[in-house]
2 protein chains.
Amino acid sequence: MPPDPLYLEDLHVGQTFVTDSLTVTTDQIKAFAREFDPQPFHLDEEAARDSLFGGLAASGWHTAALTMRLLVGALPLAGGVVGAGGETTWPRPTRPGDTLTVHVEVLEVTPSRSRPDRGMIRTRSETRNQHGEAVQVSTVRIVAWRRPFTG
Amino acid sequence: MPPDPLYLEDLHVGQTFVTDSLTVTTDQIKAFAREFDPQPFHLDEEAARDSLFGGLAASGWHTAALTMRLLVGALPLAGGVVGAGGETTWPRPTRPGDTLTVHVEVLEVTPSRSRPDRGMIRTRSETRNQHGEAVQVSTVRIVAWRRPFTG
């Protein structure tokens with residue numbers, strides 16, 4: 001059974017979530033790069049060796065997309081996970097064969113002043129590889145709905 | 001012929017770039033969502049109608065990936081376009097059939113204090129649809145290399 005949906009009232013500062021994990025293959029890294037970030041260090045092992053990355057590296061936007069994939073599975077927000085924007089850094093690249101897991105912490109829970117049916121949460125997500133090293137850190141604002149009044 | 005590569009010395013505050021354009025199809029929106037952001041409002045027209053988006057909308061991370069695709073084609077930085085991180089907001093969603101173009105402005109050019117071979121630029125990128133409306137605004141720090149000394 002899917003977990004109960006979470007409303008604004010169910011969320012609190014300091015609350016944490018840990019997602020499932022997924023493993024990224026060389027083929028996936030290259031396929032994403034061909035479509036969205038066709039640069040040699042994301043496409044070709046040899047060219048990557050002589051680049052800033054020192055070896056094949058996933059596009060940061062691939063890491064971001066995989067992070068979203070993991071978050072969608074682990075954050076059962078009522079109405080879905082809809083980000084309004086945020087800050088992202090990539091302390092190190094995702095490498096072929098890396099297994100990623102996202103650790104999420106709720107930083108703020110803010111009811112909307114103008115719209116009584118919703119609010120915003122701000123979360124910090126750290127996407128870690130199998131060595132526990134961060135490949136992405138993001139703080140994102142996400143819409144959260146208030147529990148409907150049922151009388 | 002590809003354009004000459006740009007080094008840190010070639011970049012200045014206020015410099016602007018405009019990318020090519022690309023058009024996003026319904027199938028691409030759904031394919032990206034299936035892989036990275038499998039939520040009803042990115043996958044199914046009918047479910048999307050009743051959501052916050054009021055109709056099928058691309059994942060924000062899809063918009064981000066398409067923005068990168070356009071940037072890679074238009075910013076001929078020596079050594080490639082390698083982002084260190086940044087801030088992203090999505091003022092409105094990308095819709096099926098939207099044609100996107102990215103307008104880039106250089107905000108800062110900062111030589112590294114510790115590494116004489118490189119620096120950072122900070123850019124503001126606005127990804128606009130065919131109506132000139134912003135679907136993504138991001139300020140990103142990007143590595144820029146100094147021109148090698150050739151004697």
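## Interface between the chains

In this predicted model, chain B and chain A bury about 2800 Å² between them, counted as the accessible area (1.4 Å probe) that two parts lose on being put together, summed over both. Carbon and sulfur atoms give 67% of that area. B:Phe36, B:Leu52 and B:Trp61 supply 25% of what chain B buries against chain A, more than any other three residues.

Contact here means heavy atoms within 4.5 Å. By that cut-off, 34 residues of chain B touch 34 residues of chain A. Salt bridges (a side-chain nitrogen of Lys or Arg within 4 Å of a carboxyl oxygen of Asp or Glu) number 0 between chain B and chain A.

## Symmetry

Chain B superposes on chain A by a rotation of 180° with 0.0 Å of shift along the axis, at an RMSD of 0.0 Å. This is the relation of a two-fold axis. In chain B, the C-alpha of B:Glu87 is nearest the axis, 2.1 Å from it.

## Nonpolar core

The largest nonpolar core has 78 residues. Such a core is a set of buried Ala, Val, Leu, Ile, Met, Phe, Trp, Tyr and Cys residues joined through side-chain atoms within 4.5 Å. Buried means under 20% relative accessible area, exposed over 50%, partly exposed in between (1.4 Å probe, protein chains only). A:Phe32, A:Trp61, B:Phe32 and B:Trp61 have the most contacts inside the core.

Leaving aside neighbours within four places in sequence, A:Trp61 contacts A:Phe32, A:Asp37 and A:Trp90, among others. Its partners in chain B are B:Trp61, B:Ala64, B:Met68 and B:Thr88.

## Strand E5 of chain B

Strands are DSSP runs of at least two residues, numbered from the N terminus. Two strands pair if DSSP finds at least two bridges between them.

E2(B), residues 83–89, pairs antiparallel with E5(B) over 6 bridges. B:Gly83 stands opposite B:Ile142 there. E4(B), residues 118–128, runs antiparallel to E5(B) and is joined to E5(B) by 11 bridges. B:Arg122 stands opposite B:Arg141. The hairpin of E4(B) and E5(B) has 5 residues between the strands, and B:Gly132 takes a positive phi near 80°.

## Conventions

Residues are numbered from 1 along each chain as its sequence is written, and chains are lettered from A in the order in which they are written. Local features need pLDDT of at least 70, side-chain atom pairs count only at pLDDT 80 or more, totals for chains, interfaces and linings use all residues, and side-chain values use heavy atoms, with hydrogens and water left out.

Definitions and conventions:
Helices (H or I, at least four residues) and strands (E, at least two) are DSSP runs, numbered from the N terminus. Copies are superposed by least squares on the C-alpha atoms of residues with pLDDT of at least 70 in both.
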